[in-house]
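Subject: Structure handover, cavity search

Hello,

Here is the structure for your files.

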Amino acid sequence: MGLFQDKGIVYKPADEVDVGPDSHESYLQANVKAPRMAGLLVKICVWLMELKILGTFLMYMLKRNNLFYKLVINAEMAESPLFVPLNSFQELNEQEVQLTSTDSSPPERVQAAIDCLSSPSKTVPNGLESSFRHWKIMDYHTSYSSGETTPSTVAERLITAIKESSSPPLDMNFFIDSNSKDILRQAAESTSRYQKGKPISALDGVPVAVKDEIDCTPYPTTGGTKWLHRIRPCKADACCIKRLKQCGAIIIGKTNMHELGAGISGINPHYGVARNPYDSGKITGGSSSGSAAAVAAGLCPVALGVDGGGSVRLPAALCGVVGFKPTFGRIPHSGVLPLNWTIGMIGILAGSIEDAFIVYAAINGQMSSDENPILQPKLYLPLLKSINRISGIRLARYGEWFNDCRDDIRICCADALDQLRQNYGWQIVEVTIPDIEAMRLAHYVTIASECTTSLDPYMEKIDKSESGWDVRLGLRVYGSMSAKAYVQAQKFRNRQMQLHKKIFERADVIVTPTTGVTAYPIFNDALDTGELDYINGAALVRFQIAGNFLGLPAVTVPVGYDKTGMPIGLQFIGRPWSEPTLIHLAYAMQALRISGFRKPQVYYDLLRNGRL
């Protein structure tokens with residue numbers, strides 16, 4: 001058998017595969033064969049990989065050892081390729097939803113979401129440690145409306161907090177760019193509206209951070225690089241930013257991210273490591289690293305990210321906040337760096353599911369200027385006034401996959417499921433999800449191919465030395481994917497969409513831990529070069545892929561902590577367009593507070609005094 005002739009697996013047609021608990025389909029764990037590389041080692045590896053002949057051979061061996069050829073590239077499938085995860089829909093028959101007109105304005109949608117919520121809680125975050133919670137959007141709105149504080153006062157505290165958290169000894173590096181003058185201008189306008197008794201919406205004056213992958217004036221969009229904004233200047237706000245500004249939200253800056261979204265640790269050699277507020281010596285996860293950390297540290301109740309491979313949900317789980325990714329196409333992608341076309345989606349990071357819900361209501365819905373709009377159902381909002389009104393929920397669990405994580409994660413998430421079953425009477429349905437590892441590799445082929453293609457026109461205009469060493473190596477791997485590999489991956493997408501449709505005939509949602517490991521240490525050798533850690537990387541994205549590759553909505557909710565005090569998240573993956581159900585389930589899970597909420601080591605109280 002010659003080079004590049006590795007025999008591929010033969011898959012049964014999707015309609016012949018059993019997804020029940022007694023299926024004979026075996027679970028294949030990710031057996032990633034690649035050492036962790038950082039510092040001098042990653043530089044040597046980059047040099048070798050960029051050699052034409054030797055680099056090609058090493059790339060072949062890397063992909064062969066990690067089963068790309070066997071499971072994806074040379075596999076035999078009956079399914080035809082499906083290039084975009086456009087999911088059909090039926091009008092929802094939810095137990096508790098409120099219909100909102102799709103032509104309503106963002107402020108009207110915000111109010112509709114608030115009307116779905118229970119009365120604001122009187123519990124305050126920073127009394128007893130056991131009763132900690134993040135300040136919510138409605139806490140800000142109530143405080144402003146009562147005159148207890150003003151957006152301008154909060155803005156001044158925020159500017160001080162950003163400066164302090166970005167400087168020694170903390171060096172948390174939440175932000176790539178933050179404009180104090182612009183923050184104060186927005187806050188002054190909001191303060192004036194409150195003084196006149198005419199706030200635009202409940203989001204008026206609320207601080208919101210934005211991942212530096214989303215266009216937002218007056219800031220450049222760097223994508224975590226030192227060069228992209230020179231070639232692709234930011235000329236206008238992304239659609240989601242326009243809608244937030246229409247609601248009066250204060251955009252407080254562009255958050256740090258893994259360079260070009262080409263990694264998931266959040267280690268950026270250009271702008272520093274975005275550090276985890278629960279332990280500054282550990283990663284945030286990525287690539288929406290700064291957005292997750294800024295919310296966890298109290299600098300804003302909500303932030304925007306972009307989720308291409310768990311890039312919202314993963315850092316949310318590691319930083320102990322909510323991460324919500326709607327169905328592919330539900331939120332316009334206009335104004336987001338085109339790093340890929342069929343994988344990435346705007347997502348929301350928040351201190352509570354209520355806040356994620358409010359921002360989701362504000363920014364979703366197609367633009368009237370869309371030339372080729374994605375057919376999608378009307379916007380429905382879940383009524384959260386009474387948790388117990390939603391009954392009969394079936395939670396699909398694939399036991400071998402669910403348990404493929406560290407013991408403390410497995411135990412914590414299993415306990416969370418037990419609490420849902422005991423308190424709400426929801427049913428756990430055992431299922432089999434075939435070929436999960438192959439789906440991870442097919443997703444990798446897809447995101448790698450699309451990212452390389454989107455970046456090629458820009459990369460031709462720069463010196464490769466302007467990119468971080470880890471990204472150079474990552475892009476070298478990305479660029480090695482063939483047209484055959486990409487088409488094969490799209491066949492696999494079609495196959496998995498059919499298999500997941502079968503699963504959703506048995507259950508309402510799929511439930512998993514959010515990550516296979518919790519936040520791990522930041523090592524000094526990675527600070528200047530970044531790192532390649534494919535083993536931890538595979539564990540971090542283990543449960544994320546279906547949401548991106550198949551365009552499914554998903555949400556992660558914090559449910560506890562590991563033995564070292566680092567957060568653990570539980571994830572719900574929904575059928576297409578089932579955002580109301582996911583929000584309701586996340587709200588119910590949040591209400592149980594499995595082990596209480598712990599205050600992060602780095603946390604700023606902007607509504608009281610702004611101090612650490």
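Strand E8 (302-307), helix H15 (436-459), helix H16 (469-478), strand E15 (531-532) and helix H18 (534-541) each put at least two residues into the lining of the largest cavity. H15 gives the most, with 6 residues. Helices (H or I, at least four residues) and strands (E, at least two) are DSSP runs, numbered from the N terminus.

This is a predicted model: local features need pLDDT of at least 70, side-chain atom pairs count only at pLDDT 80 or more, and totals for chains, interfaces and linings use all residues. Residues are numbered from 1 along each chain as its sequence is written, and side-chain values use heavy atoms, without hydrogens or water.

The whole structure holds 7 cavities of 30 Å³ or more. A cavity is a set of points on a 1 Å grid over the protein atoms alone where a 1.4 Å probe fits but cannot get out; lining residues have an atom within 4 Å of a point. Points join across faces, edges and corners, and volume is the space filled by probe spheres set on them.

The largest cavity has a volume of about 770 Å³. It has 44 lining residues, and Ala262, Gly263, Ile264, Tyr444 and Tyr478 are the closest to its centre. The lining splits into 22 nonpolar, 15 polar and 7 charged residues. Nonpolar means Ala, Val, Leu, Ile, Met, Phe, Trp, Tyr, Cys and Pro; charged means Asp, Glu, Lys and Arg; the others, Gly among them, are polar.

The second largest cavity holds about 70 Å³. Its lining includes Tyr27, Trp401, Glu437 and Arg542. H15 supplies the largest share here, 3 residues.

Best wishes

Definitions and conventions:
1 Å grid on protein atoms, 1.4 Å probe; cavity = no way out; pocket = protein on both sides within 12 Å on 5 of 7 lines; lining within 4 Å.
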